[in-house]
Each structure stands twice: as structure tokens, then as C-alpha cells.
Amino acid sequence: MASATDARYGQKESSDQNFDYMFKILIIGNSSVGKTSFLFRYADDSFTPAFVSTVGIDFKVKTIYRNDKRIKLQIWDTAGQERYRTITTAYYRGAMGFILMYDITNEESFNAVQDWWVLMSTQIKTYSWDNAQVLLVGNKCDMEDERVVAGERGRQLSEHLGFEFFEASAKDNINVKQTFERLVDIICEKMSESLDAADPAVTGAKQGPQLTEPPAAPHQDCAC
């Protein structure tokens with residue numbers, strides 16, 4: 001049986017040496033802000049302008065190298081519609097990081113950020129890693145002519161909420177990789193701090209976040 005410490009920090013996978021750690025990341029935000037396009041750009045380096053709303057939950061897996069470690073990312077794309085919010089909360093369990101996204105051409109999506117954070121913060125405290133990290137992303141920065149949310153407003157909101165901030169574009173591949181890599185770096189930093197503060201017997205066990213394979217979930221390729 002896993003110990004309380006294992007549940008909090010996880011441990012290095014013993015049966016699969018193809019990665020050192022596995023992090024679960026969720027992309028959260030209103031429908032149509034570009035969450036799926038952002039995920040597909042990062043995971044597959046692909047983009048489609050077609051819009052099909054995500055139904056429930058979708059996810060992709062990508063393995064990267066950071067700090068001499070092979071890290072497997074489970075990146076979950078959540079539906080933004082109001083009726084799905086109670087469904088997606090079940091997938092907060094074990095999450096290490098969150099990308100909270102709005103559309104710079106959509107004032108409503110920006111105004112919804114704080115509502116999403118109220119919902120997220122409750123779920124994070126209940127289901128996620130104690131040191132789960134959040135980045136705020138203003139997507140679609142390629143659409144400058146249609147911008148309604150100034151970059152400074154996004155920056156001020158991120159400072160108010162205590163997050164780091166990026167403006168990005170899935171279409172033009174601007175700051176997509178940088179967003180994910182910065183989030184992973186912050187998670188690694190917090191993980192290291194947590195282990196350093198733990199009992200020496202725990203740190204000596206070389207423990208770190210790990211997740212099991214996800215439950216079955218609706219899978220639909222889309223660009224919401």
C-alpha cells in the first residue's frame with residue numbers, strides 16, 4: 001500500500017524505465033479560447049482552424065527532457081462549457097499543473113478567468129498535488145487586429161492571482177512550447193523544494209511526482 005508521502009509526492013516508476021517522472025497537466029478555460037488547438041500544437045505540432053467543441057475530456061501524452069530527466073506529460077484538454085464543469089472536476093485528481101487560458105479577442109473569456117480560478121482553487125485543494133502550479137495564458141495573440149484584452153490587463157490579472165503570464169498563439173506557434181516548459185520547470189522547482197523540506201529518509205528514496213495511466217475518457221479530435 002502506498003504511504004501518505006507516496007500519495008503526495010509519488011515515486012519513480014519502477015516498471016517503466018522509459019521516463020523518470022510523469023506529470024499531469026490540465027488546460028482550463030472558456031469554450032473556444034483555443035485549448036485544443038494549443039494542445040495539438042504542442043503535442044503534434046499541428047493546427048487546424050476548424051472549430052469543434054470538446055466533449056468532456058481529451059488528452060495527449062508527450063515526453064520531454066528537463067534537467068537531465070525524461071518527463072512524461074499527460075496533458076488534459078477540458079471542455080469549457082458550463083454544463084461540463086462538474087464533470088471535469090473529477091479529473092483534477094493528481095494534477096501537477098494547470099494552464100488557465102483566455103482569448104485576447106474575447107472579453108467574456110477574460111472576465112471568466114477569476115470565476116474559473118475560484119472553481120479551480122477549491123478542486124486543487126481537494127484533489128491535486130499540494131504544490132500544483134498555474135500559468136495564465138492569453139491565447140490568439142496572432143489576431144492583433146481583433147484584440148480586445150490588452151496584454152497589460154492580462155499581466156496585471158496574473159500578478160493579482162499570483163501566476164506567471166504568457167501571451168501565445170497556437171496558430172502561429174508563439175510561446176506554446178515555452179508555456180509548457182516553464183510550467184514543467186516550476187513544477188520541478190516546487191517538487192525539489194518539497195522533497196528538500198521532507199524527512200531525509202524520504203528524500204533519500206528519490207521520490208517525485210508520478211501518475212498512473214488515466215481512466216477511459218471521451219476522445220475527440222477538435223480545435224476548440
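Reader: At what angle do helix α5 and helix α6 pack, and how far apart are their axes?

Author: Two packed helices are described by the angle between their axes and the distance between the axes. Here helix α5 (residues 113-127) and helix α6 (residues 151-161) pack at about 25 degrees, with axes 12 Å apart; axes are lines fitted to C-alpha atoms, for helices over the stretch in contact, and angles run from 0 to 180 degrees between N-to-C directions. Helices (H or I, at least four residues) and strands (E, at least two) are DSSP runs, numbered from the N terminus. This is a predicted model, in which local features need pLDDT of at least 70 and side-chain atom pairs count only at pLDDT 80 or more, while totals for chains, interfaces and linings use all residues. Residues are numbered from 1 along each chain as its sequence is written, and side-chain values use heavy atoms, with hydrogens and water left out.

Reader: Which residues of α5 and α6 meet?

Author: Contact means heavy atoms within 4.5 Å, and on that basis Val113, Gln114 and Trp117 in α5 meet Leu157, His160 and Leu161 in α6.

Reader: Is Val137 buried or exposed?

Author: Buried means under 20% relative accessible area, exposed over 50%, and partly exposed in between (1.4 Å probe, protein chains only). Val137, which lies in strand β5 (residues 133-139), is buried, with a relative accessible area of 0%. Leaving aside residues up to four places away in sequence, Val137 touches several others, including Phe38, Ile99, Phe166 and Ala168.

Reader: And where is Glu193 placed?

Author: Glu193 is in helix α7 (residues 176-197), and Glu193 is partly exposed, with a relative accessible area of 46%.
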